[in-house]
Amino acid sequence: MYSSILSGIMGLCVGDALGVPVEALTRAELEQRPVRNMRSFGTYNLPAGTWSDDTSMTLCLVESLCKGLDYKDIMDNFFKWLTTGAFTPYGEAFGVGGATRRALARYTSGVSPLECGGRTEKDNGNGSLMRILPIIFYLQAVYGLHNMINAEAMNIIHEVSSLTHAHPRSLIACGIYISIAAQILEKKELAVAIETGVREATEFYQNHGDFRAELSHYQRILDLGAFARTPVENIKSSGYVVFTLEAAIWCLLNTKNYKDCVLKAVNLGEDSDTVAAVAGGLAGLYYGYEQIPKEWLAAVAKRDYIEQLCQEFAKALSKNSL
């Protein structure tokens, strides 16, 4: 399991780090000077290889899951990250989304963890999608890959999202993403894994009335053949959770290796780090750690720490596997 964990988490982190220097730049600006390798400075004036809240919150989840599933402990890690700079490259959180800040403010005021996430239409940023990947490894240990789409497993995915983002639309995005990840871990060809993951997740939501009405927002990815042929100008890359998931899937479907996938994601512009992190997590899972360019890995801040945490996570899951 260590190999899969390392591939997915580092795939996410590298995508994040590639996008950080150009976050908020437009697609037109990036067409003039596209990202091809790790850059220094840029949007946040930070060294090459610096990762943002996408990776930080993912690592918060990984560290907590080493001890089991405890929502309060996850929120405590998020709070440490935001207030003390824990789980960051250089001791300071940056790029924090409004919905995440509001959720942590609720938590510090005494609201229980599963009631902290926003539930309004405006709470559908990509802040839970970007950090949800580690839960696939926990669920794999508990349920096995062949029984992932069940009410208990999906409820866990939704609850992990709900710590910061509790609207059904955000929960569905996380459910679809993890369903795709499960199919990739079953070693299916990438397009098949995406198609099967999307289909199984949407069938689950069709049978659960609280979610059925929200599926219309994901209509484009239900026909993956047509969606893969969507012109780039019709792919949006803002922080809206639906657009982020669409963009990540589109990049996966239109590339043949990890490097091209994350570069395509970054160069879509706008929320470049998160789109690349979301795409990079799945691309890392599929193509493997060895396919991530070595020079990019060498640039990653606190690489040894991240890889050690992945190893601890794998050991914990192996020890506690049911």
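This is a predicted model: local features need pLDDT of at least 70, side-chain atom pairs count only at pLDDT 80 or more; totals for chains, interfaces and linings use all residues.
Q: How many helices and strands does the chain have?
A: Helices (H or I, at least four residues) and strands (E, at least two) are DSSP runs, numbered from the N terminus. Here the chain has 16 helices and 0 strands.

Q: Why is the chain described as being as compact as a globular protein of its length?
A: The radius of gyration is taken over C-alpha atoms, and the globule rule is 2.2 Å times the number of residues to the power 0.38. The chain has a radius of gyration of 18 Å, close to the 20 Å that the rule gives for 322 residues, so it is as compact as a globular protein of that length. Its C-alpha trace spans about 45 × 45 × 35 Å along the principal axes.

Q: What share of the residues is buried, and what share of the contacts joins residues 24 or more positions apart?
A: Buried means under 20% relative accessible area, exposed over 50%, and partly exposed in between (1.4 Å probe, protein chains only). Of the 322 residues, 59% are buried. A contact means heavy atoms within 4.5 Å; among contacts with a separation of 6 or more, 74% are between residues 24 or more positions apart.

Q: How many aromatic pairs are found, and which residues form a cluster?
A: Rings of Phe, Tyr and Trp (its six-membered ring) pair if their centres lie within 6.5 Å; planes under 30 degrees apart count as stacked, over 60 as edge-to-face and the rest as tilted. The whole structure holds 6 aromatic pairs. One of them is the tilted pair of Tyr-44 and Phe-94, at 4.7 Å centre to centre with 55° between the planes. Tyr-44 lies in the loop between α2 (27-32) and α3 (53-65) and Phe-94 in the loop between α4 (71-84) and α5 (98-108), so the pair ties together parts 50 residues apart in sequence. Ring pairs also link Phe-204, Tyr-205 and Phe-211 into a cluster.

Q: Are Tyr-44 and Phe-94 buried, partly exposed or exposed?
A: Tyr-44 is partly exposed at 28% relative accessible area, whereas Phe-94 is buried at 16%.

Conventions: Residues are numbered from 1 along each chain as its sequence is written. Side-chain values use heavy atoms; hydrogens and water are left out.
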